[in-house]
Amino acid sequence: MADSESERAAVTTRAAREGAAVAADYFRTDLAVETKDGDTDVVTRADREAQERVIETIRADYPDVTIVGEENDAPTTVPDEGSAFVVDPIDGTNNFVRGVPFWCTSVAAVADGEPVAAATVAPAVGDEFLADDTTARLNGDELSVSRRDGPETATVSPTLWWDFDSRDEYAAAAEGIVERFADLRRYGSAQISLGYVAMGALDGVFSNLRGNPWDTVAGVHLVRCAGGEATDLEGNRWHHDSRGLVVSNGAVHDAVLSTARDAEAQRG
């Protein structure tokens, strides 16, 4: 049974690669699409089979560990004690089913509620974001967040998904970015967006919503290992059950946090 930090990181990477390979075989094929909680909350056979492969890979080394995941009736809550893994077999399924390459398989290893390793594998664009307990890398090269320190030079992404009854919040988020920052990006995958903050391509990512752990934990760990900052809406250190996700290079964090709070102010 694997138990060292290096072994956990290796299992995390291996599991994400295995799941991504399963998903990639279905990409841009004639794949049936189902919905879960709404018309935009979609799932496919690829999601389920990719998660099964990820779980099989983890179980080979950690037969009894808790595995938190989005599909197949997996647990949905990260334990605050002990070891666990958090799995998103396809983050960006809406992109996936439309043939858009911004999707990934994401796996995080957690110890006592805190991430200690992460892997976000995006095979359609050829990127692997990996982190052990201290260092984040993209395709083998060490990552660092951007040094942009003025909002007027920063590019920011609103992430997660505001449902149809929360479009005032979504609109406020977009308006806040346009008013404060140089530009707006939205990739349709929270984990890829967080990876882009870690590599310095984005300067901030935020939502006022409470995100699912499979959408957030791995990417937050990547950003922190790359020198960035992640907080909740109160400005406190982000935790897997926090309300709000505010992530940045640190230098523009106050402006990103203000924008997230503007979105939250629209909540009825």
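Residues are numbered from 1 along each chain as its sequence is written, and side-chain values use heavy atoms, with hydrogens and water left out. Because the model is predicted, local features need pLDDT of at least 70 and side-chain atom pairs count only at pLDDT 80 or more, whereas totals for chains, interfaces and linings use all residues.

Helices (H or I, at least four residues) and strands (E, at least two) are DSSP runs, numbered from the N terminus. Two strands are taken to pair if DSSP finds at least two bridges between them. Five strands form an open sheet of mixed pairing, in the order β11-β10-β12-β14-β13. Its edge strands are β11 (183-184) and β13 (229-231), each of which pairs on one side only.

Strand β10 (residues 155-158) runs parallel to β12 (residues 204-207), and three bridges join the two. Ser-157 has Val-205 in β12 as its bridge partner. Strand β10 also runs parallel to β11, here with two bridges. The bridge partner of Val-156 in β11 is Leu-184. Together β10, helix α4 (residues 167-180) and β11 make a right-handed β-α-β unit. Right-handed means that, with the strands pointing away from the viewer, the path from the first strand over the helix to the second runs clockwise.

Both faces of β10 are covered. Thr-155 and Ser-157 are buried on one side, and Val-156 and Pro-158 are buried on the other. Burial is defined by relative accessible area: under 20% is buried, over 50% is exposed, and values in between are partly exposed (1.4 Å probe, protein chains only).

Helix α5 (residues 190-199) lies across β10, β12 and β14 (245-248) and runs at about 145° to β12. Helix α7 (residues 253-264) lies across β10, β12, β13 and β14, at about 155° to β14. Axes are lines fitted to C-alpha atoms, for helices over the stretch in contact, and angles run from 0 to 180 degrees between N-to-C directions.

Helix α5 also packs with helix α6 (residues 213-225). Their axes come within 8 Å and cross at roughly 10°. The two helices are therefore roughly parallel to each other; angles under 35 degrees count as roughly parallel, over 145 as roughly antiparallel, 65 to 115 as roughly perpendicular and the rest as oblique. Residues of α5 that meet α6 include Gln-191, Leu-194 and Val-197. On the α6 side, Trp-214, Ala-218 and Leu-222 are among them. Contact here means heavy atoms within 4.5 Å.

Strand β5 (residues 104-111) pairs with β6 (114-122) in the antiparallel sense over seven bridges. Ala-108 has Ala-118 in β6 as its bridge partner. The two strands form a hairpin with two residues between them. Strand β6 pairs with β7 (residues 127-131), again antiparallel, over five bridges. Val-121 stands opposite Glu-128 in β7. This second hairpin has four residues between its strands, and Gly-126 in the turn has a positive phi of about 75°. Eight of the nine residues of β6 are buried, so β6 is largely enclosed by the rest of the structure.

Ser-106 is located in β5. The residue is buried, with a relative accessible area of 1%. Its side chain makes a polar contact of 3.3 Å with that of Gln-191. A polar contact is a pair of N or O atoms within 3.5 Å; within protein, one must be able to donate a hydrogen and the other to accept it, and residues adjacent in sequence count only if both atoms are side-chain atoms. Beyond its neighbours within four places in sequence, Ser-106 is in contact with Val-86, Val-87, Asp-88, Ala-119, Thr-120, Gln-191 and Ala-218.

Most residues other than glycine have a negative phi. Asp-112, in the loop between β5 and β6, has a positive phi near 50°. Asp-112 is exposed, at 51% relative accessibility. Arg-28 lies in the loop between α1 (5-26) and β1 (33-35). Its phi is also positive, near 60°. Arg-28 is exposed as well, with a relative accessibility of 60%.
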